[in-house]
Amino acid sequence: MLRKILVSGLLFTSCVVVALAADNAAAPAKLTAAQIVDRNVAARGGLKGWRAVLSLQETGTLGAGGNERTTQPVEIPGAKRPGKSLPLPSNPRLKEEAQLPFVMELERPRKLRFEIQFKGQTAVQVYDGANGWKLRPYLNRLEVEPYTDDELRLAAMQSELDGPLMDYAAKGTTVELQGTEKVENRDAYNLKLTLKDGRTMHVWVDAQTFLEAKVEGQPRRLDGKIHPVEVYYRDYRAVNGLQMPFVLETHVVPLATTGAAAAREPRYPAEKIAIDKIVVNPKLDASHFTKPQVQVAANHP
(Lines give C-alpha, C1' and ligand atoms only; values in the text may rest on other atoms or scores of the structure.)
Protein backbone atom coordinates (compact mmCIF):
# COMPACT_ATOMS: atom_id res chain seq x y z
CA MET A 1 0.00 0.00 0.00
CA LEU A 2 1.28 3.43 -0.95
CA ARG A 3 2.13 5.39 2.20
CA LYS A 4 1.32 9.10 2.24
CA ILE A 5 4.32 10.96 3.61
CA LEU A 6 3.75 14.60 4.47
CA VAL A 7 6.84 16.68 5.11
CA SER A 8 6.54 20.44 5.44
CA GLY A 9 8.65 22.45 2.97
CA LEU A 10 9.45 19.56 0.55
CA LEU A 11 9.29 20.32 -3.14
CA PHE A 12 6.71 18.52 -5.30
CA THR A 13 9.45 16.57 -7.08
CA SER A 14 10.79 15.28 -3.81
CA CYS A 15 7.33 14.05 -2.84
CA VAL A 16 7.08 12.13 -6.10
CA VAL A 17 10.41 10.42 -5.43
CA VAL A 18 9.34 9.45 -1.91
CA ALA A 19 5.98 8.14 -3.13
CA LEU A 20 7.59 6.01 -5.82
CA ALA A 21 10.05 4.59 -3.33
CA ALA A 22 7.23 3.68 -0.96
CA ASP A 23 5.27 2.03 -3.78
CA ASN A 24 8.29 -0.05 -4.80
CA ALA A 25 8.83 -1.13 -1.20
CA ALA A 26 5.26 -2.42 -1.03
CA ALA A 27 5.49 -4.32 -4.33
CA PRO A 28 5.72 -8.13 -4.21
CA ALA A 29 9.25 -9.43 -3.82
CA LYS A 30 10.93 -10.65 -7.01
CA LEU A 31 11.10 -14.35 -6.31
CA THR A 32 11.41 -17.42 -8.50
CA ALA A 33 8.63 -19.97 -8.69
CA ALA A 34 10.69 -22.39 -6.57
CA GLN A 35 11.25 -19.73 -3.89
CA ILE A 36 7.53 -18.93 -3.77
CA VAL A 37 6.67 -22.60 -3.32
CA ASP A 38 9.31 -22.95 -0.59
CA ARG A 39 7.76 -20.04 1.30
CA ASN A 40 4.30 -21.49 0.78
CA VAL A 41 5.37 -24.83 2.23
CA ALA A 42 6.94 -23.09 5.23
CA ALA A 43 3.84 -20.91 5.77
CA ARG A 44 1.57 -23.95 5.72
CA GLY A 45 3.59 -25.71 8.41
CA GLY A 46 6.50 -27.34 6.63
CA LEU A 47 7.05 -30.40 4.47
CA LYS A 48 7.81 -32.66 7.43
CA GLY A 49 4.57 -31.72 9.16
CA TRP A 50 2.46 -32.40 6.07
CA ARG A 51 4.17 -35.67 5.27
CA ALA A 52 3.07 -36.85 8.70
CA VAL A 53 -0.60 -36.23 7.82
CA LEU A 54 -2.06 -39.56 6.74
CA SER A 55 -5.75 -38.72 7.18
CA LEU A 56 -8.10 -35.83 7.87
CA GLN A 57 -11.66 -35.50 9.11
CA GLU A 58 -13.59 -32.30 8.50
CA THR A 59 -17.05 -31.27 9.67
CA GLY A 60 -19.01 -28.17 8.73
CA THR A 61 -21.81 -26.86 6.54
CA LEU A 62 -22.24 -26.55 2.81
CA GLY A 63 -24.42 -23.88 1.26
CA ALA A 64 -26.99 -25.32 -1.16
CA GLY A 65 -30.05 -24.01 -2.95
CA GLY A 66 -31.22 -20.47 -3.51
CA ASN A 67 -33.77 -18.98 -5.88
CA GLU A 68 -31.16 -18.18 -8.54
CA ARG A 69 -29.38 -21.50 -8.39
CA THR A 70 -29.68 -24.20 -10.99
CA THR A 71 -29.14 -27.86 -10.18
CA GLN A 72 -25.41 -28.43 -10.72
CA PRO A 73 -22.48 -30.30 -9.25
CA VAL A 74 -20.93 -28.90 -6.10
CA GLU A 75 -17.18 -28.61 -5.70
CA ILE A 76 -15.93 -30.36 -2.57
CA PRO A 77 -12.63 -28.66 -1.82
CA GLY A 78 -11.90 -30.26 1.50
CA ALA A 79 -9.29 -32.60 0.10
CA LYS A 80 -7.33 -29.76 -1.40
CA ARG A 81 -5.32 -28.62 1.60
CA PRO A 82 -5.44 -26.78 -0.79
CA GLY A 83 -5.92 -27.78 -4.42
CA LYS A 84 -8.33 -30.67 -4.76
CA SER A 85 -12.01 -30.97 -5.48
CA LEU A 86 -14.54 -33.66 -6.30
CA PRO A 87 -18.02 -33.23 -7.74
CA LEU A 88 -21.02 -34.16 -5.61
CA PRO A 89 -23.46 -35.46 -8.25
CA SER A 90 -26.81 -33.68 -8.43
CA ASN A 91 -26.95 -30.95 -5.82
CA PRO A 92 -30.39 -30.92 -4.06
CA ARG A 93 -32.69 -28.28 -5.57
CA LEU A 94 -33.88 -25.83 -2.90
CA LYS A 95 -35.82 -22.59 -3.31
CA GLU A 96 -34.00 -20.94 -0.42
CA GLU A 97 -30.35 -21.38 0.45
CA ALA A 98 -29.80 -23.88 3.25
CA GLN A 99 -26.73 -24.82 5.25
CA LEU A 100 -26.38 -28.59 5.03
CA PRO A 101 -24.18 -30.37 7.62
CA PHE A 102 -21.42 -32.53 6.20
CA VAL A 103 -18.63 -34.84 7.31
CA MET A 104 -15.66 -35.50 5.06
CA GLU A 105 -12.93 -38.07 5.66
CA LEU A 106 -9.73 -38.19 3.66
CA GLU A 107 -6.96 -40.75 3.66
CA ARG A 108 -3.80 -41.03 1.61
CA PRO A 109 -3.26 -41.42 -1.18
CA ARG A 110 -6.68 -40.43 -2.63
CA LYS A 111 -9.41 -41.98 -0.52
CA LEU A 112 -12.47 -39.85 0.26
CA ARG A 113 -15.80 -40.26 2.03
CA PHE A 114 -18.29 -37.39 2.00
CA GLU A 115 -21.61 -37.43 3.89
CA ILE A 116 -24.20 -34.69 3.73
CA GLN A 117 -27.40 -34.41 5.76
CA PHE A 118 -30.54 -33.40 3.88
CA LYS A 119 -34.15 -33.66 5.16
CA GLY A 120 -33.30 -36.33 7.72
CA GLN A 121 -31.39 -38.47 5.25
CA THR A 122 -27.71 -38.98 4.61
CA ALA A 123 -26.28 -38.78 1.12
CA VAL A 124 -22.92 -40.52 0.74
CA GLN A 125 -20.10 -40.31 -1.76
CA VAL A 126 -17.10 -42.64 -1.51
CA TYR A 127 -13.90 -43.00 -3.55
CA ASP A 128 -11.38 -45.68 -2.59
CA GLY A 129 -8.60 -44.58 -4.94
CA ALA A 130 -9.85 -46.68 -7.85
CA ASN A 131 -13.63 -47.09 -7.51
CA GLY A 132 -16.40 -44.73 -6.51
CA TRP A 133 -19.98 -45.03 -5.23
CA LYS A 134 -22.81 -42.63 -4.41
CA LEU A 135 -26.09 -42.82 -2.53
CA ARG A 136 -28.61 -40.00 -3.11
CA PRO A 137 -31.81 -40.53 -1.12
CA TYR A 138 -32.89 -36.90 -1.62
CA LEU A 139 -33.48 -37.88 -5.29
CA ASN A 140 -35.42 -41.00 -4.21
CA ARG A 141 -32.47 -43.06 -5.39
CA LEU A 142 -32.22 -45.52 -2.53
CA GLU A 143 -29.68 -47.85 -4.14
CA VAL A 144 -25.93 -47.38 -4.14
CA GLU A 145 -24.78 -46.41 -7.62
CA PRO A 146 -21.27 -46.57 -9.08
CA TYR A 147 -19.48 -43.46 -10.25
CA THR A 148 -19.96 -42.64 -13.89
CA ASP A 149 -16.93 -42.79 -16.18
CA ASP A 150 -16.63 -38.98 -16.00
CA GLU A 151 -16.79 -39.02 -12.20
CA LEU A 152 -14.09 -41.70 -12.04
CA ARG A 153 -11.92 -39.71 -14.41
CA LEU A 154 -12.28 -36.56 -12.30
CA ALA A 155 -11.62 -38.45 -9.06
CA ALA A 156 -8.48 -40.05 -10.48
CA MET A 157 -7.18 -36.60 -11.45
CA GLN A 158 -7.23 -35.28 -7.90
CA SER A 159 -4.05 -34.58 -5.99
CA GLU A 160 -3.30 -35.97 -2.54
CA LEU A 161 -4.74 -34.34 0.56
CA ASP A 162 -1.76 -31.99 0.99
CA GLY A 163 -2.40 -30.27 -2.37
CA PRO A 164 -0.38 -29.86 -5.57
CA LEU A 165 2.37 -27.53 -4.29
CA MET A 166 3.50 -29.67 -1.36
CA ASP A 167 6.42 -31.90 -2.44
CA TYR A 168 5.58 -30.97 -6.05
CA ALA A 169 8.87 -32.12 -7.62
CA ALA A 170 8.50 -35.61 -6.14
CA LYS A 171 5.04 -35.76 -7.73
CA GLY A 172 6.49 -34.99 -11.16
CA THR A 173 5.05 -31.47 -11.29
CA THR A 174 6.80 -28.41 -12.71
CA VAL A 175 5.94 -24.87 -11.61
CA GLU A 176 6.25 -21.60 -13.52
CA LEU A 177 5.64 -18.05 -12.32
CA GLN A 178 3.15 -16.29 -14.61
CA GLY A 179 3.36 -12.93 -12.83
CA THR A 180 1.40 -11.21 -10.09
CA GLU A 181 -2.32 -10.40 -9.96
CA LYS A 182 -4.83 -9.02 -7.50
CA VAL A 183 -6.89 -11.61 -5.64
CA GLU A 184 -9.54 -9.92 -3.50
CA ASN A 185 -7.51 -6.67 -3.53
CA ARG A 186 -4.28 -8.35 -2.43
CA ASP A 187 -1.19 -9.08 -4.50
CA ALA A 188 -0.79 -12.74 -5.35
CA TYR A 189 1.69 -14.78 -7.37
CA ASN A 190 0.08 -16.66 -10.27
CA LEU A 191 1.75 -20.07 -10.51
CA LYS A 192 1.18 -22.37 -13.48
CA LEU A 193 1.54 -26.05 -12.59
CA THR A 194 2.17 -28.70 -15.22
CA LEU A 195 1.34 -32.08 -13.73
CA LYS A 196 3.02 -35.39 -14.48
CA ASP A 197 0.29 -36.38 -16.94
CA GLY A 198 0.59 -33.09 -18.85
CA ARG A 199 -2.47 -31.35 -17.38
CA THR A 200 -2.07 -27.76 -16.22
CA MET A 201 -3.65 -25.76 -13.43
CA HIS A 202 -3.11 -22.39 -11.75
CA VAL A 203 -2.61 -21.59 -8.07
CA TRP A 204 -2.49 -18.03 -6.72
CA VAL A 205 -0.27 -17.56 -3.64
CA ASP A 206 -0.73 -14.48 -1.46
CA ALA A 207 2.36 -12.27 -1.72
CA GLN A 208 2.35 -11.45 2.02
CA THR A 209 1.22 -14.60 3.80
CA PHE A 210 2.41 -17.05 1.10
CA LEU A 211 -0.75 -19.09 1.67
CA GLU A 212 -2.96 -20.12 -1.24
CA ALA A 213 -5.54 -17.42 -1.97
CA LYS A 214 -7.21 -19.04 -4.97
CA VAL A 215 -6.92 -22.21 -7.06
CA GLU A 216 -8.28 -23.19 -10.44
CA GLY A 217 -11.14 -25.66 -10.03
CA GLN A 218 -12.56 -28.27 -12.38
CA PRO A 219 -14.40 -26.59 -15.29
CA ARG A 220 -18.18 -27.11 -15.41
CA ARG A 221 -20.57 -27.59 -18.28
CA LEU A 222 -23.51 -25.24 -17.65
CA ASP A 223 -26.12 -24.18 -20.20
CA GLY A 224 -24.27 -26.20 -22.79
CA LYS A 225 -21.01 -24.28 -22.29
CA ILE A 226 -17.78 -25.02 -20.40
CA HIS A 227 -17.19 -22.45 -17.66
CA PRO A 228 -13.94 -21.91 -15.73
CA VAL A 229 -14.16 -22.40 -11.97
CA GLU A 230 -12.22 -20.66 -9.21
CA VAL A 231 -12.03 -21.69 -5.55
CA TYR A 232 -11.10 -19.04 -2.96
CA TYR A 233 -9.46 -19.91 0.38
CA ARG A 234 -10.12 -17.81 3.46
CA ASP A 235 -9.97 -17.87 7.26
CA TYR A 236 -6.75 -19.84 7.69
CA ARG A 237 -6.27 -21.33 11.15
CA ALA A 238 -3.59 -23.42 12.80
CA VAL A 239 -4.44 -27.11 13.25
CA ASN A 240 -1.68 -29.21 14.84
CA GLY A 241 0.83 -26.59 13.70
CA LEU A 242 -0.45 -26.64 10.08
CA GLN A 243 -2.27 -23.77 8.40
CA MET A 244 -5.62 -24.77 6.85
CA PRO A 245 -8.44 -22.69 5.34
CA PHE A 246 -11.78 -22.94 7.14
CA VAL A 247 -13.80 -21.14 4.44
CA LEU A 248 -13.79 -22.23 0.80
CA GLU A 249 -15.88 -20.46 -1.80
CA THR A 250 -16.39 -21.73 -5.33
CA HIS A 251 -17.17 -19.32 -8.17
CA VAL A 252 -18.29 -20.19 -11.70
CA VAL A 253 -16.58 -17.63 -13.95
CA PRO A 254 -18.81 -15.92 -16.56
CA LEU A 255 -17.63 -16.42 -20.14
CA ALA A 256 -18.48 -12.80 -21.01
CA THR A 257 -17.75 -9.93 -18.66
CA THR A 258 -18.64 -6.87 -20.75
CA GLY A 259 -21.23 -5.76 -23.28
CA ALA A 260 -24.58 -7.23 -24.25
CA ALA A 261 -23.31 -10.81 -23.99
CA ALA A 262 -22.45 -10.28 -20.32
CA ALA A 263 -25.94 -8.93 -19.60
CA ARG A 264 -27.53 -12.04 -21.11
CA GLU A 265 -25.30 -14.54 -19.35
CA PRO A 266 -26.75 -16.34 -16.30
CA ARG A 267 -25.15 -15.60 -12.94
CA TYR A 268 -24.29 -18.59 -10.77
CA PRO A 269 -24.14 -17.74 -7.05
CA ALA A 270 -21.00 -18.69 -5.17
CA GLU A 271 -21.01 -21.98 -3.24
CA LYS A 272 -19.58 -21.69 0.25
CA ILE A 273 -18.21 -24.36 2.52
CA ALA A 274 -17.66 -23.38 6.16
CA ILE A 275 -15.55 -25.84 8.13
CA ASP A 276 -16.20 -26.02 11.86
CA LYS A 277 -13.57 -28.58 12.85
CA ILE A 278 -10.59 -30.39 11.34
CA VAL A 279 -9.05 -33.45 12.98
CA VAL A 280 -5.56 -34.49 11.86
CA ASN A 281 -4.79 -38.23 11.67
CA PRO A 282 -8.08 -39.53 13.08
CA LYS A 283 -8.48 -43.29 13.29
CA LEU A 284 -10.76 -43.99 10.34
CA ASP A 285 -12.52 -47.30 9.87
CA ALA A 286 -11.38 -49.02 6.67
CA SER A 287 -15.03 -49.78 5.86
CA HIS A 288 -15.67 -46.05 5.42
CA PHE A 289 -13.89 -46.25 2.07
CA THR A 290 -15.75 -49.28 0.73
CA LYS A 291 -19.11 -49.49 -1.02
CA PRO A 292 -21.73 -47.87 1.29
CA GLN A 293 -24.45 -49.95 2.86
CA VAL A 294 -27.94 -48.53 2.39
CA GLN A 295 -29.18 -49.39 5.85
CA VAL A 296 -26.24 -47.50 7.37
CA ALA A 297 -26.26 -44.52 5.00
CA ALA A 298 -29.98 -43.65 5.09
CA ASN A 299 -31.22 -42.10 8.31
CA HIS A 300 -35.00 -42.19 8.47
CA PRO A 301 -36.75 -39.86 10.93
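1. The model is a predicted one, and the remarks below should be read accordingly.2. Strand β17 also pairs with strand β1 (residues 55–64), again in the antiparallel sense, and this pairing extends over seven bridges. One of the residues involved is G60, whose bridge partner in β17 is I275. In general, side chains in a regular strand alternate between the two faces of the sheet.

2. N281 is placed between β17 (271–280) and α6 (294–297). Its phi is positive, about 55 degrees, although the residue is not a glycine. With a relative accessible area of 35%, N281 is partly exposed.

3. As to the chain overall, it contains six helices and 17 strands. Of its 301 residues, 46% are buried. Among contacts with a separation of 6 or more, 58% are between residues 24 or more positions apart. The chain exposes about 15,500 Å², and carbon and sulfur atoms supply 53% of that area.

4. Which peptide bond is cis? The bond from R108 to P109 is, with omega near 0 degrees. P109 lies in the loop between β4 (98–107) and β5 (111–118). This proline is partly exposed, its relative accessible area being 44%.

5. Leaving aside residues up to four places away in sequence, P109 touches E160 and L161. The C-alpha atoms of P109 and E160 are separated by 5.6 Å, while the two residues stand 51 residues apart along the chain.

6. Helix α4 (residues 149–156) has E151, L154 and A155 as buried residues. Viewed down the helix axis, the buried residues of α4 fall within an arc of 100 degrees, and therefore they line one face of the helix.

7. How many aromatic pairs does a search of the whole structure find? The search finds three. One of them is formed by Y127 and Y147, which are stacked with 6.2 Å centre to centre and 10 degrees between the planes. This pair links distant parts of the chain: Y127 belongs to strand β6 (residues 121–127), Y147 to the loop between β8 (141–146) and α4, and 20 residues separate them.

8. Are the two tyrosines of this pair, Y127 and Y147, buried or exposed? Y127 counts as buried at 3% relative accessibility. Y147 is buried as well, with a relative accessible area of 7%.

9. A further stacked pair is that of Y189 and F210. Why is the pair of Y189 and F210 called stacked? The ring centres lie 6.0 Å apart and the planes meet at 25 degrees; planes under 30 degrees apart count as stacked, so the angle places the pair in that class. Y189 is in strand β10 (residues 186–194) and F210 in the loop between β11 (200–206) and β12 (212–216), 21 residues apart, and the pair thus links distant parts of the chain.

10. Y189 is buried, with a relative accessible area of 1%. F210 counts as buried at 9% relative accessibility. The backbone of F210 should be noted too: its phi is near 65 degrees, a positive value in a residue other than glycine.

11. Charged side chains also sit over aromatic rings. K214 lies over the face of W204, at 4.2 Å from the ring centre. In another case, the charged end of R237 is over the ring of F246, at 4.3 Å from its centre.

Notes:
Residues are numbered from 1 along each chain as its sequence is written. This is a predicted model: local features need pLDDT of at least 70, side-chain atom pairs count only at pLDDT 80 or more; totals for chains, interfaces and linings use all residues. Side-chain values use heavy atoms; hydrogens and water are left out. Helices (H or I, at least four residues) and strands (E, at least two) are DSSP runs, numbered from the N terminus. Buried means under 20% relative accessible area, exposed over 50%, partly exposed in between (1.4 Å probe, protein chains only). Contact means heavy atoms within 4.5 Å. The arc is that of the directions from the helix axis to the C-beta atoms. Accessible areas come from the Shrake-Rupley method with a 1.4 Å probe; for residues, only the protein chains shown count as cover. Rings of Phe, Tyr and Trp (its six-membered ring) pair if their centres lie within 6.5 Å; planes under 30 degrees apart count as stacked, over 60 as edge-to-face and the rest as tilted. A charge sits over a ring if NZ of Lys or CZ of Arg is within 6 Å of the ring centre and within 35 degrees of the ring normal. Two strands pair if DSSP finds at least two bridges between them.
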